[in-house]
Amino acid sequence: MRSRDVGGLTGVPGGPVCLLLLLPPSGRRAGRRRAAPGSGILGAVALDDASTLIGFDSLLDDEERMIQQTVRSFVDKRVRPNIGHWFEESIAPMELAAELGALGLFGMHLTGYGCAGTSAVGYGLACLELEAGDSGLRSFVSVQGSLSMFSIWRWGSEEQKREWLPRLAAGEAVGCFGLTEPDFGSNPAGMRTTARRDGDDWVLDGTKMWITNGSLADVATVWARTDDGIRGFLVPRATPGFTASDVHHKLSLRASATSELSLQGVRLPASAMLPEARGLSGPLSCLNEARFGIVWGAMGAARDCINTALRYAVERVQFDKPVAAFQLTQAKLADATVELSKGLLLAMHLGRMKDRGTLRPEQVSIGKLNNVREAIAIARTCRTILGAAGITTEYSVLRHANNLESVLTYEGTSEVHQLAIGQALTGLSAYR
Ligand SMILES: Cc1cc2nc3c(=O)[nH]c(=O)nc-3n(C[C@H](O)[C@H](O)[C@H](O)COP(=O)(O)OP(=O)(O)OC[C@H]3O[C@@H](n4cnc5c(N)ncnc54)[C@H](O)[C@@H]3O)c2cc1C
């Protein structure tokens with residue numbers, strides 16, 4: 001483990017190093033073979049983790065493996081037993097915040113101020129394992145770390161960093177990030193939320209929409225139009241004129257709070273503005289961090305779908321044999337595993353580039369576009385393998401597929417990433 005800073009993932013006593021030692025044997029050795037239950041007609045053995053077929057884990061160093069196993073174990077123990085209920089009842093599991101903080105997962109690739117300071121690949125692996133549990137959980141960690149904390153860490157004053165980052169890293173406080181508005185999603189440059197000067201103060205007016213963690217947040221990073229262009233502001237929850245209300249009737253990301261933020265004459269001191277962020281490049285830099293996590297996270301959801309379908313297919317007998325024994329089923333599993341393998345390798349390639357400091361936004365767009373698109377296709381295919389059983393929350397496949405619809409849309413839609421890649425290829429902007 002790197003020990004650049006404090007935090008659960010740096011191996012402090014009682015941290016996840018201990019968790020790792022407590023892992024059950026199945027957690028320690030993914031990919032072990034087991035006899036297929038069911039009819040036993042084939043006497044077959046089956047992989048219990050499709051990602052091991054390509055030997056992906058051999059690309060990891062010891063620290064990365066420890067992060068992977070620690071987060072996987074956490075998800076197995078704390079998320080899998082409850083996620084179906086949370087999703088059905090639309091519960092954002094806030095009870096996990098302190099535990100995620102203790103594991104060092106919030107802002108884990110940032111340094112100082114209580115952040116764990118892991119590599120980008122370590123952060124990606126954590127996103128992958130969290131999203132194997134549920135995209136809502138990964139969204140919670142992504143928004144807290146890559147949008148809320150990163151906006152403060154990258155663009156905030158020393159005073160703002162000291163005030164918020166240690167509490168956000170520990171999970172004692174929750175953050176959100178308000179960029180999207182009811183009339184401006186893919187085109188945030190058109191935003192109508194304004195911040196005007198009144199003496200030394202700022203006064204904010206406007207509405208932000210579809211904001212993850214909005215109603216749970218102790219502090220919101222809000223982007224607003226000023227006479228000086230787009231600037232970011234830290235809005236504490238209790239500020240008069242600031243309210244957050246949840247979006248209901250969601251069919252996707254149900255174990256995650258999605259909110260509308262209303263700002264009516266919200267008066268803030270001059271010190272509330274993020275001093276270093278000027279223009280749209282401020283929020284876009286934060287989105288780029290979060291998108292990187294999605295490149296990995298989507299493959300976690302995909303892996304969980306394939307593994308679920310694999311387990312089901314070797315046990316489910318039709319026409320006197322496991323459905324896994326039909327060529328059509330194997331073609332689905334094989335194609336899904338090929339796409340999973342390609343997506344994992346792409347995520348790793350981008351992660352190593354990010355750790356070297358050479359990763360460019362259009363390269364993140366390639367990862368986000370491909371991996372989310374393929375993860376949805378994998379989730380839907382795996383759902384078919386489970387037949388009717390695939391449509392309930394007893395199995396993860398349709399929950400993942402529904403969640404991935406949101407992941408496809410937020411942090412830049414597929415079309416927006418196609419335009420970013422197209423612009424990088426041709427030198428021509430096709431946004432307008
Ligand atoms: C669950 C969830 C959580 C979210 N969390 C946050 C958050 O925490 N903070 C935040 O700020 N936002 C958040 N968002 C908002 C998200 O970023 C936006 O939904 C996204 O940017 C798309 O904007 P839109 O929904 O307004 O779609 P629109 O921009 O209206 O797009 C509609 C369709 O038109 C297409 N389109 C738009 N422009 C073009 C173009 N130039 N060329 C071709 N096609 C185009 C889009 O790709 C899309 O298919 C969240 C969204 C969801 C669903």
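The model is predicted: local features need pLDDT of at least 70, side-chain atom pairs count only at pLDDT 80 or more, and totals for chains, interfaces and linings use all residues. Residues are numbered from 1 along each chain as its sequence is written.

**Exercise 1. Check the span of helix 10 and of helix 13 against their end C-alpha atoms.**

Start with the terms: helices (H or I, at least four residues) and strands (E, at least two) are DSSP runs, numbered from the N terminus. The expected span of a helix is 1.5 Å times one less than its number of residues.

- Step 1: helix 10 covers residues 327-356, and its 30 residues should span 44 Å. The end C-alpha atoms of helix 10 lie 43 Å apart, which agrees.
- Step 2: helix 13, with 13 residues, should span 18 Å, and its end C-alpha atoms are 18 Å apart, in agreement.
- Step 3: look just past each end.

**Exercise 2. Classify how helix 9 packs with helix 11, helix 12 and helix 6.**

Axes are lines fitted to C-alpha atoms, for helices over the stretch in contact, and angles run from 0 to 180 degrees between N-to-C directions. Angles under 35 degrees count as roughly parallel, over 145 as roughly antiparallel, 65 to 115 as roughly perpendicular and the rest as oblique. A crossing is left-handed if the near helix is turned anticlockwise from the far one by less than a right angle, and right-handed if clockwise.

- Step 1: helix 9 (residues 281-315) and helix 11 (residues 361-385) pack at about 20°, with axes 8 Å apart, so helix 9 is roughly parallel to helix 11. Their crossing is left-handed. The contact residues divide into 20 nonpolar, 4 polar and 3 charged. In this scheme, Ala, Val, Leu, Ile, Met, Phe, Trp, Tyr, Cys and Pro count as nonpolar, Asp, Glu, Lys and Arg as charged, and the others, Gly among them, as polar.
- Step 2: the axes of helix 9 and helix 12 come within 10 Å and cross at roughly 160°; the two are therefore roughly antiparallel. This crossing is left-handed.
- Step 3: helix 6 (residues 120-133) packs against helix 9 at about 40°, with axes 7 Å apart, which makes helix 6 oblique to helix 9. Helix 6 passes helix 9 in a right-handed crossing.
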